[in-house]
Amino acid sequence: MATTQDMVSDRLPQGVGRWSRGWLLFMALAAIGVAIGVIGWAIEHDQGMAATGMRDLGTMGGATWGVYISMVVYFVGVSFAGITVAALIRLFNLEHLKGVARMAELLTVVALLLGALAIVVDLGQPLRGLVNLFRYARPQSPFFGTFSLVVSGYLFSSLVYLYLTSRPDAARLAESPSRLQPLYRLWAAGYEPTVDQRARDRKATFWLALAILPLLIVAHSSLGFVFGLQVGRPGWFGTLQAPAFVVLAGVSGIGHLIVLAALVRRVLRQEHRIGIEAFTWLGRFLMLLLFVYLYFVVVEIFTSIYQPTTTEQRISDALLTGRYAWIFWGSVAALVLPAFGLAWMAVTRKWRIGWMVIMGLIVNLGAIGKRYLVVVPSETHGQLLPYPIGTYAPSLVEYAVLIGLFSLGALLIGGFMKLFPIVEMEETP
Amino acid sequence: MTRRSIITAAMIILGAGLMVFAYFAGAAPWCNNAVECSNPRLEWSPAIFVAGVVIAFSSALYYSVAKDRRK
């Protein structure tokens, strides 16, 4: 027997408005994860930063930036590929990729929100931090670029982009009677599929895409400069930080996009909209970015071991053979294996979506590892003053908050999928 | 030229103008890192910068959503 829910929503595409058992289970698990994160953050808020594994540099032998900041860099990185791919699709009219455009835009927005939240949980006094950034942030600091361009400009422009590209679908959905009809009417904001309106949309999204692309290069570079411009912190100071940030951002984001596209394709049966050509394009792009990043890694290793200072030597020893070696070599392996796996697929021209999903997940593990290694070792092993070598291990509270952040991302994407088609609907002539 | 185009252009110019103003109100590049230049010259100038970014990007929203009226 059809339920009321089925009756009102059976005209909506892609399972929008209909709740399957699998989706409910997914959302319940994600909600539990979010609850774990909220509890973790409440403990941190109650007990102060002492509840985390972070301690002062030097005197307390710890690290003041830990997994939270690693995750800020990681999430902002994930956001990079989403909007890049979405912008490239509009700019070059890549028809075969249109099926992944909206999920790429959504991925960007969700990842940026998570990145912003990861900054908030890293602050002992979040409210003070939020107010003072708007009050006192200085343009001379690379943090200014991160705050004003990444968190504000980049997030806002991505939201505008997502909204403009989704309006035509909202107008189509508003024509069908459903419980969500009022929402779609509001979303469509009087959209009429006239020739003029379409031309305006094309123009607006084209110029927006054109403005977003340089913005995100500047924004990601400024995040790299947060580390790369710190002359007093061996291991961070270097010209490669900014470009390496941009390239690894692309790696993690494209990896995520491949996983999300494969998941949506299978769950929503969108094989006709997200074809193998889309995965081929994404796979080639990921392969290219991986090889460029691996080149940076080789240059970085060579520079750090050729004729290092004492402190640089200490950090490179910790990375290559010491305490962080398992993370370093694990991360390198997680980037090398998919690079050659994708190269093999490119040479043989046999692209396997299943393998690409595995590679997408592995490169993200590698990216998380590399982000962690950018942030932590220079703090524990990079003291210029005669302090002993420090240690840092994330506490259970930090792990709980991380679970919460990832779960929130899953919850937002899962929620969006039941509210709006995550794959652009086909245009009617 | 349509009213839409004029307002869109005005929003971009206003947004960019606010960003430039906020940069110089916040930065003190000619101050040689003196202690008195540690804070922005104008409090809340970062908020003005962000407002400029938001207005500039909102122009796309206005351009696409607003109803057209020819002059």
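The following legends describe close-up views of a predicted model.

Local features are given where pLDDT is at least 70 and side-chain atom pairs where it is 80 or more, whereas totals for chains, interfaces and linings use all residues. Residues are numbered from 1 along each chain as its sequence is written, with chains lettered from A and ligands numbered from 1 in the order in which they are written.

**View 1. Overall form of chain A.** Chain A holds 15 helices and zero strands; helices (H or I, at least four residues) and strands (E, at least two) are DSSP runs, numbered from the N terminus. Its C-alpha trace spans about 70 × 55 × 45 Å along the principal axes. Of its 429 residues, 47% count as buried, meaning that 20 or more other C-beta atoms, placed from the backbone, lie within 10 Å of the residue's own.

**View 2. The side of chain A that touches chain B.** Here 22 residues of chain A are in contact with 19 residues of chain B, contact being C-beta atoms, placed from the backbone, within 7 Å. Helices α5 (126–136), α6 (142–174) and α8 (195–228) of chain A each give two or more residues to this side. The largest share, eight residues, comes from α6(A).

**View 3. Helix α6 of chain A.** The 33 residues of α6(A) should span 48 Å at 1.5 Å a residue, and the end C-alpha atoms are 44 Å apart, which agrees; the expected span is 1.5 Å times one less than the number of residues. The helix α6(A) bends by about 45° at Arg167(A), with Pro168(A) following within four residues; the bend is the angle between axes fitted to the seven residues ending there and the seven starting there. Because 25 of its 33 residues are buried, α6(A) is largely enclosed by the rest of the structure.

**View 4. Surroundings of Ser166(A).** Ser166(A) lies in helix α6 of chain A and counts as buried, with 20 C-beta neighbours inside 10 Å. Leaving out residues up to four places away in sequence, Ser166(A) touches Arg102(A) and Phe420(A). The C-alpha atoms of Ser166(A) and Val423(A) are separated by 9.9 Å, although these residues are 257 residues apart along the chain.

**View 5. The largest nonpolar core.** A nonpolar core is a set of buried Ala, Val, Leu, Ile, Met, Phe, Trp, Tyr and Cys residues joined through C-beta atoms within 7 Å. Among the 124 residues of the largest one, Val100(A), Ala118(A), Val251(A), Leu257(A), Leu286(A) and Leu290(A) touch the most other members. Helix α3 (residues 67–92) of chain A gives the most to this core, 17 residues.

Definitions and conventions. Contact = placed C-beta atoms within 7 Å. Buried ≥ 20, exposed ≤ 12 C-beta atoms within 10 Å, placed from the backbone.
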